[in-house]
Amino acid sequence: MDDWASIEAVGDDAYWFVNNTAYAFADAGRPEEAFALMDKLLSIGIAENGQLISMAINKALLQMRWGYFDAALETVDEI
């Protein structure tokens, strides 16, 4: 997933693909990679892409699942 310009150009479908990939990392016991991927996705900008709100919520849910409660609160504060 190096072509972020294409991900941004495709939009919602590509955002969900990245979201699902992050969940796969988490399910494989690699939460830090999942968080990094979600951070990269969210760096596109929620203000410009409202559909990313779902991904921010999902990132917070992943953080809670792995015990990063303060980080989860920070994530939802950014929405």
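Predicted model: local features only at pLDDT ≥ 70, side-chain atom pairs only at ≥ 80, totals over all residues.
Close-up 1. Leaving aside neighbours within four places in sequence, asparagine 49 is in contact with Glu8, Tyr15 and Ile44. Asparagine 49 belongs to the loop between H3 and H4, and its relative accessibility of 12% places it among the buried residues. With tyrosine 15, the relation is a polar contact between the two side chains, at 3.3 Å; tyrosine 15 is itself listed with the buried residues of helix H2.

**Close-up 2. Helix H2 and its buried face.** Helix H2 runs over residues 12-27, and its 16 residues reach 22 Å from the first C-alpha to the last, close to the 22 Å expected at 1.5 Å a residue. Its buried residues are Ala14, Tyr15, Val18, Asn19, Thr21, Ala22 and Ala26. Seen down the helix axis, these buried residues fall within an arc of 160°, so they line one face of H2. They pack against helix H1 (4-10), helix H3 (31-42) and helix H4 (52-65), whereas Asp13, Phe17 and Asp27 are exposed on the other side of H2. Just after the helix, glycine 29 adopts a positive phi of about 80°.

**Close-up 3. The aromatic pair of phenylalanine 35 and tyrosine 68.** The structure holds one aromatic pair, formed by phenylalanine 35 and tyrosine 68 in an edge-to-face arrangement, with 5.2 Å from centre to centre and 80° between the planes. The pair links distant parts of the chain, since phenylalanine 35 sits in helix H3 and tyrosine 68 in the loop between H4 and helix H5 (69-77), 33 residues apart. Phenylalanine 35 is buried, with a relative accessible area of 8%, while tyrosine 68, at 35%, counts as partly exposed.

**Close-up 4. The salt bridge between aspartate 27 and arginine 65.** This is one of three salt bridges found in the whole structure, and the closest N and O atoms of aspartate 27 and arginine 65 are 2.6 Å apart. Because aspartate 27 lies in helix H2 and arginine 65 in helix H4, the pair ties together parts that are 38 residues apart in sequence. Aspartate 27 is exposed at 55% relative accessibility, and arginine 65 is partly exposed at 46%.

**Close-up 5. The salt bridge between aspartate 39 and lysine 59.** The closest N and O atoms of aspartate 39 and lysine 59 are 2.2 Å apart, and the pair links distant parts of the chain, with aspartate 39 in helix H3 and lysine 59 in helix H4, 20 residues apart. Aspartate 39 is partly exposed, at a relative accessible area of 39%, whereas lysine 59 is buried, at 8%.

Note on methods:
Residues numbered from 1 in each chain as written. Heavy atoms only, no water. Helix = DSSP H or I, 4+ residues; strand = E, 2+ residues; numbered from the N terminus. Expected span 1.5 Å × (residues − 1). Buried < 20%, exposed > 50% of the residue type's maximum accessible area, 1.4 Å probe, protein only. Arc of directions from axis to C-beta. Contact = heavy atoms within 4.5 Å. Phe/Tyr/Trp six-rings, centres within 6.5 Å; stacked < 30°, edge-to-face > 60°. Polar contact = N/O pair within 3.5 Å; in protein donor to acceptor, adjacent residues only side chain to side chain. Salt bridge = Lys/Arg side-chain N within 4 Å of Asp/Glu carboxyl O.
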